[in-house]
Amino acid sequence: SSGDGDSGGETYTVATDNNFVPFEFLDEETGEMEGFDMDLIRAIADEAGFNVKIEAMKFDGVVTGMQQGKYDIGIAGMTITEERAETIDFSDPYYDAGLMLAVHSDNTDIESEDDLAGKTVATRSGTTSETYLQDNHPDAEVETFPGIVEAYMDLQAGRVDAVMYDVPNVQYYVANDSEEELKTVGGILQGEQYGIAFPQDSEIVDDVNEALATLIENGGYDDVYEEWFGE
Ligand code: ARG
């Protein structure tokens with residue numbers, strides 16, 4: 001798409017998710033994908049001397065797309081897991097995340113994950129939250145949605161008891177919930193780290209890692225972090 005710079009180098013296709021605030025989302029005014037991941041991959045591309053063509057899709061499409069080698073790079077708040085690492089290559093970690101619970105602000109019976117038995121917990125399909133719930137909460141009823149927005153809407157409407165998802169996304173929704181219908185409960189349930197994804201044996205992993213390390217050293221990473229997570 002336009003605005004992705006032209007450094008004269010190769011152009012790589014970058015698969016991302018279409019809605020995971022504040023990491024990637026469509027800016028309705030510019031028609032561009034924006035967010036932390038988008039600024040980071042553009043900064044990495046500038047540093048390493050390549051161009052990016054961003055393609056937005058559903059999160060599970062990013063995962064399978066990388067497994068099938070359909071895109072050169074995937075960046076979508078994707079947690080580095082042992083299971084995924086069997087079929088996808090990852091960069092060095094670039095963001096510390098984890099999982100967290102949100103409930104309706106009126107809810108008084110769920111204070112932590114210990115209170116999930118018999119409750120309905122919504123999350124997005126194909127994510128680490130889904131796996132975490134399956135592994136750790138067999139007594140909860142898990143409802144998965146193709147997009148997380150529907151899960152939060154159901155929580156606000158009282159159709160589900162809780163949402164489990166990535167800490168920065170849960171915190172973003174709670175902070176931007178003007179009706180104050182949502183609150184977080186409990187702490188971080190599982191520490192996770194995000195990595196940039198590549199098809200197996202990709203030859204650009206080292207270049208991307210090198211550019212990432214440079215940006216962490218020279219403040220470029222901090223600038224992007226400030227932009228999206230600064231106070
Ligand atoms: N970090 C979680 C995972 O890797 C959720 C990622 C959701 N990312 C997204 N762009 N929707 O499974």
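Modeller: Two strands pair if DSSP finds at least two bridges between them; strands (E, at least two residues) and helices (H or I, at least four) are DSSP runs numbered from the N terminus. This is a predicted model, with local features needing pLDDT of at least 70 and side-chain atom pairs counting only at 80 or more, while totals for chains, interfaces and linings use all residues. Residue numbers start from 1 along each chain as its sequence is written.

Let's start with S1 (11-17). S1 is joined to S5 by 7 bridges, and the two run parallel.

Along with Ile41, Ile44 and Met66, Val14 has the most contacts inside the largest nonpolar core, which has 38 residues. (Such a core is a set of buried Ala, Val, Leu, Ile, Met, Phe, Trp, Tyr and Cys residues joined through C-beta atoms within 7 Å; buried takes 20 or more other C-beta atoms within 10 Å of a residue's own, placed from the backbone.) Among the elements that each supply at least two residues to this core are S1, S5 (51-57), H2 (59-67) and H7 (205-218). The biggest giver is H1, with 7 residues. Ile44, leaving aside neighbours within four places in sequence, is in contact (C-beta atoms within 7 Å) with Val208, Ala211, Leu212 and Leu215. Apart from this core lies another, of 23 residues, including Ala102, Val103, Ala162 and Val163.

Now back to Asp17, one of the residues around the ligand, where Phe20, Phe59, Met78 and Asp166 are also found; to be near, a residue's C-beta atom must lie within 6 Å. The ligand lies between domain 1 (11-94 + 195-229) and domain 2 (97-191), because both give residues to the shell. Those bounds come from an automatic or database assignment.

Phe20 is another name to follow: S2 covers 19-20. Strands S2, S3 and S4 make an open, antiparallel sheet in the order S2-S3-S4. S2 and S4 (33-34) are at its edges with a single partner strand each, so one side of each has no neighbour in the sheet. S3 (residues 24-26) is joined to S4 by 2 bridges, antiparallel, and Phe25 is the bridge partner of Glu34 in S4.

Terms used
A residue is buried if 20 or more other C-beta atoms lie within 10 Å of its own, exposed if 12 or fewer, and partly exposed in between; C-beta atoms are placed from the backbone. Two residues are in contact if their C-beta atoms, placed from the backbone, lie within 7 Å.
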